[in-house]
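Here is a short tour of a protein model, written to be read with the structure open beside it. Take a moment to get your bearings, and then let's begin.

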Amino acid sequence: MAISVLRDSVREIQTVTAEKGMSRSRFEAFLASVNDAIGIASRGLDRCANLVDSFKQISLDQTTFQRSVFGLKLLVSDVLVILQPLLKGTPYQVQTDIDEALCMDSYPEPLQQVVSHIITNAIIHGFEGREQGLIRVQAHAAGNGLLLVCISDNGVGIAEKDLNRIFDPFFTTKMGRGDSGLGLHIVHNTVEQVLGGRVEVTSRPGEGTEFRLTLPLRAP
């Protein structure tokens, strides 16, 4: 739509210039409309690119992931470094409580994506309207070769009517505001299909949200 408007503006200005020349005010108005159209088109293309990237993440293929042995604490630290530009402009904090001895034989990149999506979701949705907020990332061995990772926040929580739908594709409470509604769907698919675990969520409005990831220390 923006490109169509821009094309029509160019044609109009070409006609005016050919017939009677163009005043300075008309030229400045034309430049302003061009700038607006470019901004709209650029934002639209950015949204398309993000959506395509989300679809690529949904199409999970274990053969594309590099399996390795890694420390969970270091992996989470790397995620927080990546998210630092997002956190820097907010009053929110992230605390971690992870034993350095916790090691996994699994897929680090998908797990990084899972942790990143959940923390980003808390920043964008969990603290809306709040001037402060705390996110905790905790992990401990759960026995039987399993690991429990809890990512919680003390934010606004999730409405009961939405709680059973948050892992559905395209479900979002911010439709039309740049949210594709695929982030938590990707989390669910990645945890179950790639990492061989399960993800659960508990929340109460006004009391925050907790995601619990039960993962095998050695992925299938």
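## A serine to start with

Is Ser152 buried or exposed? Ser152 is buried, with a relative accessible area of 15%; here buried means under 20% relative accessible area, exposed over 50%, and partly exposed in between (1.4 Å probe, protein chains only). Ser152 lies in strand β5. Helices (H or I, at least four residues) and strands (E, at least two) are DSSP runs, numbered from the N terminus. Leaving aside neighbours within four places in sequence, Ser152 is in contact (heavy atoms within 4.5 Å) with Leu134, Ile135, Arg136, Thr209 and Glu210.

Before going further, a word on the model: it is predicted, with local features needing pLDDT of at least 70 and side-chain atom pairs counting only at pLDDT 80 or more, while totals for chains, interfaces and linings use all residues. Residues are numbered from 1 along each chain as its sequence is written, and side-chain values use heavy atoms, with hydrogens and water left out.

Two strands count as paired if DSSP finds at least two bridges between them. Strand β4 (residues 133-143) pairs with β5 in the antiparallel sense, over eight bridges, and Ala141 stands opposite Leu147 in β5. The hairpin of β4 and β5 has two residues between the strands, and there Asn144 takes a positive phi near 55°. Strand β7 (residues 209-216) also runs antiparallel to β5, and eight bridges join them. In this pairing, Val149 stands opposite Leu213 in β7.

## Salt bridges

How many salt bridges does the structure hold? There are seven, a salt bridge being a side-chain nitrogen of Lys or Arg within 4 Å of a carboxyl oxygen of Asp or Glu. One of them joins Arg67 to Asp105, with the closest N and O atoms 2.9 Å apart. This pair links distant parts of the chain, 38 residues apart: Arg67 sits in the loop between α2 (24-58) and β1 (68-71), and Asp105 in strand β3 (residues 103-106). Arg67 is partly exposed at 27% relative accessible area, while Asp105 counts as buried at 16%.

Asp105 also forms a salt bridge with Arg218, where the closest N and O atoms are 2.3 Å apart. Since Arg218 lies in the segment after β7 and Asp105 in strand β3, the pair ties together parts that are 113 residues apart in sequence. Arg218 counts as exposed, at 60% relative accessibility. Another salt bridge brings together the side chains of Arg212 and Glu210 (3.7 Å, N to O); Arg212 is partly exposed at 30%, and so is Glu210 at 23%. Salt bridges that share partners join Arg67, Asp105 and Arg218 into one network.

## Helix α3

Helix α3 runs over residues 72-88, and at 1.5 Å a residue its 17 residues should span 24 Å, which agrees with the 23 Å between its end C-alpha atoms. The expected span is 1.5 Å times one less than the number of residues. A kink of about 45° lies at Ile82, shortly before the proline Pro85; the bend is the angle between axes fitted to the seven residues ending there and the seven starting there.

Buried residues of α3 include Leu72, Leu75, Val76, Val79, Leu80, Leu83 and Leu87. Among the elements that cover the buried residues of α3 are β1, β2 (92-98), β3, α4 (108-126), β4 and β5.
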